[in-house]
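Have the structure open as you read.

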Amino acid sequence: MEGFKPGEECAKCCGRCCKERGCSLAPEDMLRALAVRNKEIEITDTKLTNADTELRDTNKKSVLSDALFHMLQNDEHYAVDCISQSGRPFYYLRMRHKCYTFIGVEAMGECMALTPSGCSLSEEERPKGGRFLKSSPDGNCTQHYTKEEMLADWEPYQSLLSEIWEEFYGKFMEDGTFDACDEAYFAWMRQANIQNQS
């Protein structure tokens with residue numbers, strides 16, 4: 001496995017990092033997940049050889065877009081999120097937060113994959129942001145998948161991800177989906193606190 005295995009300290013802190021925010025995926029994680037679900041997606045070593053060139057091919061982009069949209073709607077693990085970068089929106093995939101939907105809002109939240117016994121994903125399934133987080137006994141964990149690397153990795157996919165984001169972000173704001181997610185999350189947190197105290 002490329003990256004780092006969770007240390008014993010992760011069990012002691014009960015996944016503090018995972019309770020703050022779902023870790024970011026790299027495109028290779030997205031493509032691996034899509035390949036498992038969709039035989040039309042052809043991937044060599046889980047990466048598109050030349051993402052810029054491949055994504056200019058309308059047919060390939062359409063297949064990839066349809067498969068990604070279907071996966072996001074039907075798999076509770078992933079969300080498209082958006083950050084501001086150099087004055088423009090920048091889109092990437094991260095692990096979804098509990099009680100939330102497949103459109104992120106750059107909010108804090110507990111990762112969908114976190115369980116009382118740790119991450120529910122196998123080492124192979126864990127996203128790069130999780131695999132490259134090196135735990136430390138003093139709690140100062142170090143992220144080795146840097147923001148600069150993540151931005152470079154996701155740059156070829158901006159058009160693809162922005163289409164999904166722009167189609168649903170406004171709808172979810174207007175129809176109350178995000179508000180309902182917040183309410184469900186706060187209710188879940190209250191229940192979790194009650195269980196922890198008993």
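The buried residues of α7 are covered by elements that include α3, β1, β2 and α8; cover here is by contact, meaning heavy atoms within 4.5 Å. Helices (H or I, at least four residues) and strands (E, at least two) are DSSP runs, numbered from the N terminus. This is a predicted model, in which local features need pLDDT of at least 70 and side-chain atom pairs count only at pLDDT 80 or more, while totals for chains, interfaces and linings use all residues. Residues are numbered from 1 along each chain as its sequence is written, and side-chain values use heavy atoms, with hydrogens and water left out.

Which residues of α7 are buried? They are Met 150, Leu 151 and Trp 154, where buried means under 20% relative accessible area, exposed over 50%, and partly exposed in between (1.4 Å probe, protein chains only). Seen down the axis of α7, these residues fall within an arc of 100°, so they line one face of the helix; the arc is that of the directions from the helix axis to the C-beta atoms. On the face turned away from the buried side of α7 you will find the exposed residues Glu 148 and Ala 152.

Trp 154 also leads us to the largest nonpolar core, which has 38 residues; Leu 68, Leu 93 and Trp 154 have the most contacts inside it. Such a core is a set of buried Ala, Val, Leu, Ile, Met, Phe, Trp, Tyr and Cys residues joined through side-chain atoms within 4.5 Å. The elements giving two or more residues to this core are α3, α5, β1, β2, α7 and α8, and the largest share, six residues, comes from α8. Leaving aside neighbours within four places in sequence, Leu 93 touches residues including Met 30, Leu 68, Trp 154 and Leu 161.

Now for the charged side chains. The whole structure holds seven salt bridges, each a side-chain nitrogen of Lys or Arg within 4 Å of a carboxyl oxygen of Asp or Glu. Asp 29 pairs with Arg 32, the closest N and O atoms being 3.2 Å apart. Asp 29 counts as buried at 4% relative accessibility, whereas Arg 32 is partly exposed at 26%. Arg 131 forms a salt bridge with Asp 29 too, with closest N and O atoms 2.9 Å apart. That pair links distant parts of the chain, from helix α6 to helix α3, 102 residues apart. Together, Glu 28, Asp 29, Arg 32 and Arg 131 are linked in a network of salt bridges.
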